[in-house]
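Hi everyone, thanks for making time this morning. Let's bring it up on the screen.

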Amino acid sequence: MHKITLIPGDGIGPEISEAMKKVVEATGVSIQWDIQFAGEEVYLKEGNPLPQRVIDSIKANKVAIKGPITTPVGTGFRSVNVTLRQTLDLYACVRPCRSFRGAKTRYENVDLVIIRENTEDLYAGVEFKKSEPETLELIKFIEEKTGKKLREDSGITIKPISVFGTERIVRFAFEYARRHGRRKVTAVHKANIMKYTDGLFLEVARQVANEYSDIEFEDKIVDNMCMQLVQKPELYDVLVLPNLYGDIVSDLAAGLIGGLGLAPGANIGDKYAVFEPTHGSAPKYKGLNKVNPFAIILSAAMMLKHIGEVKAADKIEKAVEEVIKEGKYLTYDMKYENDSIPPVGTKEVAEAVVDKIKSL
Ligand code: NAD
């Protein structure tokens, strides 16, 4: 019996989590779910969107799966997702994006793995609000030390990238590549402009790459990388990126395989792992039984592999592949306009995957 923390999240989170739960249970793996709520409603009730009990549950169980959680834009509480990754030191975000036969997409044969650093960079949460005394002090300090004058009405976000943080994420990428029989790691950066942060990332990446002569290594500037991925994604394999570029390129890669509904993910640290889809809480579809549950279902397959339940994980992946190929039970986002078979809802997709698992 595995005990796993389940954070349903908000927006579409609860319905896709329910779908995922049914699919995992259909594999026959014995799981006791420790359900923990977090997010906006919890914030209103308990004054904290990520109460300590949620952290304690993950620490006790070591493994969690979560639905997306809404983050207020610009103001309000800080992202629960980012806080969770930082608090548990889940430094590696792993997001595989591979083509499924029959999925609606402009590309075939995409097979990328995005490895995003999860704890540093502009997501470190070190921010200075416009016009606050400490912000004005910082602006003055910068002028004194560098001769560069920042406008007094500026807000400032700090971008720390360390040798420690870079070394462990790049090593993680190479180890992942080795374990999964991958041929190449591409480090993505903007070292031509940000010499002391992205430049450091690149320098450390090159050093780590020297220890892995069995795996090809190259680097790409992030803007070029985006263009390359859109034009010839088949040339790339494992990408390793600092936090912000990793966030953006993850969505780009999801777009290559048919959208966010198909992009699973994992946040991995040395002690704990939290699995979650790449997509957000899509609040406009909340409670409508409309969105695609494949991303969280495939995240669950990643989780099962992580806990050693490889057969169950393979069953889920095979069942998802078959359901997509057959094209009868797919949500709206996977449908062409002139499709003769109408879309179905979240629950119906989950039922189709469950039926398929039972027939395997
Ligand atoms: P989003 O991923 O929620 O939605 C982007 C687009 O993709 C929308 O058109 C949405 O309808 C569609 N989409 C997303 N998931 C889908 C699915 N499963 N099936 C079909 N279509 C799907 O991104 P957003 O609108 O930028 O963010 C909404 C909220 O989610 C924000 O508060 C954001 O901060 C939060 N968010 C949370 C996480 C997380 O919990 N890890 C990740 C990203 C965004």
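**Pockets and a cavity**

Let me begin with the second largest pocket: 22 residues line it, and those nearest its centre are Pro96, Tyr176, His180, Met302 and Lys305. Please keep in mind that this is a predicted model. Two or more lining residues come from each of β4 (92–98), β5 (111–117), α6 (163–179), β11 (266–268) and α10 (294–306). The volume of this second largest pocket is about 560 Å³. Sorted by class, its lining has 14 nonpolar, 2 polar and 6 charged residues.

Now for the largest pocket, which holds about 1100 Å³ of space. It is lined by 40 residues, and Thr71, Pro72, Arg78, Ser79 and Val82 are the closest to its centre. The elements giving two or more residues to that lining are α4 (80–87), β6 (127–128) and α9 (243–257). Which of them gives the most to the lining of the largest pocket? That is α4, with 5 residues.

How many cavities of 30 Å³ or more does the count come to? The count is 1, and the largest cavity has a volume of about 30 Å³. If you'd like to find it on the screen, look for its lining residues: Glu117, Glu120, Asp121, Ile161, Thr166, Phe201 and Pro242. By class, that makes 3 nonpolar, 1 polar and 3 charged residues.

That's my tour, and I'm happy to take questions.

Note on methods: Residues are numbered from 1 along each chain as its sequence is written. This is a predicted model: local features need pLDDT of at least 70, side-chain atom pairs count only at pLDDT 80 or more; totals for chains, interfaces and linings use all residues. Side-chain values use heavy atoms; hydrogens and water are left out. On a 1 Å grid over the protein atoms alone, a cavity is a set of points where a 1.4 Å probe fits but cannot get out, and a pocket is an open set with protein on both sides within 12 Å along at least five of seven lines; lining residues have an atom within 4 Å of a point. Grid points are joined across faces, edges and corners, and a volume is the space filled by probe spheres set on the points. Helices (H or I, at least four residues) and strands (E, at least two) are DSSP runs, numbered from the N terminus. Ala, Val, Leu, Ile, Met, Phe, Trp, Tyr, Cys and Pro count as nonpolar, Asp, Glu, Lys and Arg as charged, and the others, Gly among them, as polar.
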